[in-house]
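Good morning, and thank you for coming. Please look at the sequence and the structure as I show them.

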Amino acid sequence: MKPLEVFRVESPDRAGAESYESVIRDVLADLELTTVLGRLWIWIDPSEPVFIFCALIRTGIPPVYVKDMADISTGAPSVKQVELKLTNEEHVSTLLNILWIEYGRENVSQPEKKVITIDTEDKDEVAEKLADVVIADPRREIESRLADALLRITPEGFRVRHHVSTGSEMLFVASEDSIKPEWIKKAEDIMDQLKEDL
Amino acid sequence: MLEPIMYEGGVFKHNLVIELIEDLGGYVLQTNFMQTEVMIQMLCPHEDISMLEDLAKELRAKITRAPLTGTDIIVIAPTLAYHHLPHHSCDVAEYMRRFGANTTLIGLARGVGRRVAQISAKERALINEHDIAVFTLGNFEDCLINKKYVLYKDLDVPCIITGTPELQKPPVYATDYVGHLGRIAHRLKGESELDALDRLVETVGKTLDEHRVEISKDPLTTQPARIMKEIKEQIPKINESLSPSPITLQLMGARVKLSYPQYKEAIENITFEEGVTLREIATVLPSGVRDYILIRILPKSVTGFVI
């Protein structure tokens, strides 16, 4: 799926839909979501009033584990510490926070810029466990950005909301009145059409 | 009748312009220096404009009629959320400032939505203090025509509405409407967007001119600019105000940024050289903005004289 290969903003009011498309493009660009969304279909009917947002999310970047950003070694048998040699400094502050919480500030030290050591009795177990700790999950961050984008795009008065979100799709219906079952049905139909020939 | 004029030129000899305006019986409202350039907003007697034009020509300066000079405009967004700010509501407010207006931007507490949109009595009173209200609304024709009028139907001041669709005639209760200026999430700098802003300034200027003509049929006892001059001379405290415009001129009065409880008496006791005090020719009211003072000048039909 290419970025925004389907981008439809539809409404009985054509001028309104065109203007709304520009608002959506601006919001997605501001939040750096243009490459995250694959297909997007929006239906707005102000006379109902209803706002439907259906999107397919492109499978994104995998989470970053400790093993992806550092070489973990236990050193000589007599030394009771685990040594992390950083290969990527992007998430160091998050890593340090996690290590401090897990092993205590007094046991974690950073003798050099790219070296972190953890003092521990059972270093083999710690080294093994540490390798699979998730440091950053871009997918979760994308979800929160997407939620932010939805709040910015949706007409402000439409505060009654229904949403179904999985890792790869987002269905959102908003109105200022109670959500009607037919709107959800319409949203599901739109979502089915979006998913055709995937 | 005094004409609102904007002078843009070099700092060199600009005091000649100020002197000429004072000699002609006009008023200098604001002087802004920008390095070697100066921009002066002033009111000049209609019949003497040619003298000002001659002087400007001599000084290689530009004179333009700025219909928004000395007016107090309020721009109203449905709320203060990121759906409306900073673009396009702030852009609209800012653009009108370039034409000499004093603009205030407010967001309503519950102005959003269709069925749920409403305006409170306090908001309405605040808006009615200004010369003209500009409502920056959204994209859909149905909302603009059938729903949003509740926000402005009970206002006393003229209301200009902005929105995306091009409407044949303004929505009911609105004085005028400007299209292509609906919900926009980027800075208004495209050609069509600037055109729309120019049309808005033109529309607001036209509405204000109509209001000026209306006022001239029963003229005010004195000019708001004269009250400004007297306040500056007789109440030195106003010169200590840190506000960008301590006295905001309006078509029928002024808003003075001094505390109402403390300075009401002093303002009412301002004396003009003709021997009258301000309390005889104007009403001094508390403003809805903080604890400021609002002055409303009485027309000739009430006081029986013009000074």
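I begin with helix H4 of chain A, residues 123–131, which lies across E5, strand E6 (81–86) and E8 of chain A and runs at about 35° to E6(A). Helices (H or I, at least four residues) and strands (E, at least two) are DSSP runs, numbered from the N terminus. Axes are lines fitted to C-alpha atoms, for helices over the stretch in contact, and angles run from 0 to 180 degrees between N-to-C directions; two residues are in contact if their C-beta atoms, placed from the backbone, lie within 7 Å.

This is a predicted model: local features need pLDDT of at least 70, side-chain atom pairs count only at pLDDT 80 or more, and totals for chains, interfaces and linings use all residues. Residues are numbered from 1 along each chain as its sequence is written, while chains are lettered from A and ligands numbered from 1 in the order in which they are written.

In chain A, four strands form an open sheet in the order E5-E6-E8-E7, with antiparallel pairing. Strands pair if DSSP finds at least two bridges between them. At the edges are strand E5 (70–73) and strand E7 (108–112) of chain A, each pairing on one side only. E7(A) pairs with strand E8 (residues 115–119) of chain A over three bridges, in the antiparallel sense. A:Val108 has A:Ile118 in E8(A) as its bridge partner.

Turning to chain B, we find ten helices and 13 strands. Its C-alpha trace spans about 55 × 45 × 35 Å along its principal axes.
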